[in-house]
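Please look over the sequence and the structure shown here before reading the notes that follow.

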Amino acid sequence: MQAIKTFPSKALLTPLLAALVLAGCASALPMPAEHAGVAVPADFSGTSAAAASAGAASAAAATEAQPRGAWWLAFGDAQLTALVERAGDANTDIQQAAARLAEARALLRSADAQRLPQLGASAGVARQAGAQFANGASPATLGTAGLNLSYEVDLSGRLSRASEAALLDAQARAALLQSTRLMVQADVAQTYLQLRAVQAERALVAQSLDIYRDSLRLTTRRAQAGDAAELDVARMQTEVSATESELLALDRQQAALAHALALLAGDIAGRLELPEGAAQATLPVIPAGVPAAVLARRPDVAAAQATVQAELARVGIAQAAWFPDIALTAQGGYASPELGDLLRWSARSWGLNALLSLPLFDGGRRAAQEEGAKARLEAAVAAQRGQVLTALRDVEDQLSALRLLAAQSEVLEQSVRSAERASHLSDVRWRNGYVSQLELLDARRNALRQRRNALQVRTAQYTGTVMLIRALGGSWEQSGAPA
């Protein structure tokens, strides 16, 4: 507002002083109580029986600012690390979540701006006439130029609560961005480990195919020499063709996983080059006694709690609609019927206004809005509790699965050794003519099946570990550092 030397009278200041007194009293209005967090057990039951704490519980408070840790480094695979970092920069889901976070922060700045004075400049020319004007029926031209200042007194705390709700919305968006990052990182790790497992399984099948082809050549020579029947040749040829079909199916699965990995990395399917080779990743071991408090770092849990707090603030906004609103406005500048005299000191003008408004009858609109805000709060509370319960179930599922998979892997290792020994002995006896070809084929099929089963269980351990890390919200270390 332009500086004016003439001061308003005491009568003009009286409404403004009253408004400021009311605004000061409004700060004593109670804010709605914050909803308490959901109680979770102190430890997960799946870590170990000794680590479980009977009856101990703690409140799950969101700590979305804690680092999630570079958990993928625990696998010790350089190619996996490169893919995760590449996806963090180029994945489209992460980019969308980052854009939504930027939008939420812009809305927060807009809500904060509503609590500050608003200053604007205006200039105009009007041609007017009528009984309500000083010149009567004769048309006259009026030129104006000046500054306008407005400020809404936050009497009921409506603007502050709107700003608080916008801040919590931004925090929820930030947590969802973290959740999207963690989801993409986990998907990249799972897809990569599954691709390496398919490559390893394909190598097993290709090795078996070479053995079957060698046996087919030997059987064919025996049949030509009259030492084997044509039926033996047909059986061996069937086994070779069936194994070739399995190899093609694995090639198809490998191509699909490579394309999915390229999409996660933000690249065009088919362009991602991943050299074949033995898997370099080591299987991390989640230590026993992981505290359930790490669930508070889960981005989805943090987002759910921020949403509850935002809806709580919106309940306060709906309740504030019952209180009066006070708007203060001021304007100062120049007004003159002659454009040449517009900027003269004698053409100065100013105004100072205070407006107190209170709806007396709205047909139940404010009551309905308050009820709707409370209903949304109850829905957010239920969603938060469901998110925490889901997080607990996810962790318990993966802990149980990993424990059982470890036992299954030990059993399968013994089975693989026995099957390979039986296959070797059957091959020696078949070449010396002591056993039939059917017995040899059964021994070889069983050895291949057991080796593939062991590989699949090992892959399930890798993917289960990734799913557990995702369920924990990142690294299982409190500091976020990789194990």
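This is a predicted model: local features need pLDDT of at least 70, side-chain atom pairs count only at pLDDT 80 or more; totals for chains, interfaces and linings use all residues.

Residues are numbered from 1 along each chain as its sequence is written, and side-chain values use heavy atoms, with hydrogens and water left out.

**Overall build**
- The chain has eight helices and six strands; these are DSSP runs numbered from the N terminus, with helices being H or I of at least four residues and strands being E of at least two.
- Along the sequence, the pattern is α-β-β-α-α-β-β-α-α-α-β-β-α-α.
- Of the 483 residues, 37% count as buried (buried means under 20% relative accessible area, exposed over 50%, partly exposed in between, with a 1.4 Å probe and protein chains only).
- Among contacts (heavy atoms within 4.5 Å) with a separation of 6 or more, 80% come from residues 24 or more positions apart.

**Helix 6**
- Helix 6 (residues 299–320) has 22 residues and reaches 31 Å from its first C-alpha to its last, close to the expected 32 Å (1.5 Å times one less than the number of residues).
- Because 17 of its 22 residues are buried, helix 6 is largely enclosed by the rest of the structure.

**S163**
- S163 lies in helix 4 (residues 158–225) and is buried, at 6% relative accessible area.
- Apart from neighbours within four places in sequence, S163 is in contact with L108, A111, D112 and R115.

**Salt bridges**
- A salt bridge is a side-chain nitrogen of Lys or Arg within 4 Å of a carboxyl oxygen of Asp or Glu, and by this rule the count is 18.
- E244 and R213 form one with 2.8 Å from N to O; E244 in helix 5 (residues 230–264) and R213 in helix 4 are 31 residues apart.
- R376 and E311 form another, at 3.8 Å from N to O, linking helix 7 to helix 6 across 65 residues.
- R376 is partly exposed at 44% relative accessibility, whereas E311 is buried at 13%.
- Salt bridges also link D214, R217, D427, R431 and R444 in a network.

**Surface patch**
- L358, L360 and F361 make a nonpolar surface patch of about 420 Å² (patch residues have over 30% relative accessible area and no salt bridge; like charges are joined within 9 Å, and nonpolar side chains (Val, Leu, Ile, Met, Phe, Trp, Tyr) within 5 Å; areas come from the Shrake-Rupley method with a 1.4 Å probe, and for residues only the protein chains shown count as cover).
- F361 sits in the loop between strand 6 (348–357) and helix 7 (365–431) and is exposed, at 76% relative accessible area.
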